[in-house]
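I opened my notebook to look up two things.

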Amino acid sequence: MPTDLLGLLLRHRLVPVIALNDAGHAEPLGRALVAGGLPIAEITFRTAAAADAIHRMATALPELVVGAGTVLTPAQVDAAVDAGARFIVSPGTSARVLARCAERGVPALPGVATATDIMAALDHGAEIVKFFPAEAAGGLPVLKALAAPFGQVRFVPTGGITPGNLASYLAHPKVVACGGTWMVKTDVIDRGAFDEVEDAVREAVVLAAR
Ligand code: 3PG
């Protein structure tokens with residue numbers, strides 16, 4: 001059954017964006033996310049370990065919803081879905097990537113930073129979009145301006161989200177969740193400090209629930 005992306009985002013309100021250098025870290029990291037109360041992970045194709053990491057997480061932890069991030073090509077959509085990814089995130093809006101996601105029956109979260117990007121996403125049936133890079137693209141004022149003409153569009157701001165600005169983004173009625181790396185930093189994962197990840201995740205979950 002395809003993932004209910006909107007339901008998933010509304011339930012957790014956070015998308016941890018993860019770059020794993022070592023697929024061997026996938027399972028302990030997944031356990032830290034689940035233990036911290038955030039059973040969702042976006043594993044980015046920024047590292048060569050991505051597909052293997054998705055496979056290991058999805059196989060070992062069926063309660064964790066694993067998606068793929070930084071998906072730039074149809075071939076990466078295939079690699080991600082074959083590995084077990086249940087949603088696809090891209091930094092921008094690509095008709096080819098969205099078409100392949102539709103073919104594979106997997107929900108897509110394309111990136112947008114302009115009204116033109118949003119119209120392209122809508123052309124391909126995507127009504128939930130990643131506002132990226134949120135802070136560098138102008139932050140909440142730009143998100144508010146973009147949300148106004150597109151009543152049906154929901155946003156997942158990502159890029160520059162921190163514990164300090166999370167609440168203000170989540171308070172916007174069209175924001176369903178925020179993404180980011182702050183609770184799953186690659187250097188902490190590289191050190192194997194999964195208890196630190198779990199603590200950071202738990203704190204983020206508390207903040208997001210406020
Ligand atoms: C992404 O790929 O979604 C972003 O790099 C996350 O941005 P952040 O590191 O500022 O959270």
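My entries on the ligand and the helix follow.

**Ground rules.** I am working on a predicted model, where local features need pLDDT of at least 70, side-chain atom pairs count only at pLDDT 80 or more, and totals for chains, interfaces and linings use all residues. Residues are numbered from 1 along each chain as its sequence is written, and side-chain values use heavy atoms, with hydrogens and water left out.

Next I looked up polar contacts (N or O atoms within 3.5 Å). The side chain of Arg 46 has an N or O atom 2.5 Å from a ligand oxygen. For Thr 181 the distance is 2.6 Å, and for Lys 130 it is 2.8 Å. Alone, the ligand exposes 310 Å², and the protein buries 81% of that (Shrake-Rupley method, 1.4 Å probe).

**Helix H5.** I took H5, a DSSP run (H or I, at least four residues), at residues 95–104. Which of its residues are buried (under 20% relative accessible area, 1.4 Å probe, protein chains only)? They are Val 97, Leu 98 and Cys 101. These lie on the same side of H5, because they cover an arc of only 95° around the axis (directions from the axis to the C-beta atoms). On the other side, Arg 96, Ala 102 and Glu 103 are exposed (over 50%). After H5 comes Gly 105, with a positive phi near 70°.

Methods: Polar contact = N/O pair within 3.5 Å; in protein donor to acceptor, adjacent residues only side chain to side chain. Helix = DSSP H or I, 4+ residues; strand = E, 2+ residues; numbered from the N terminus.
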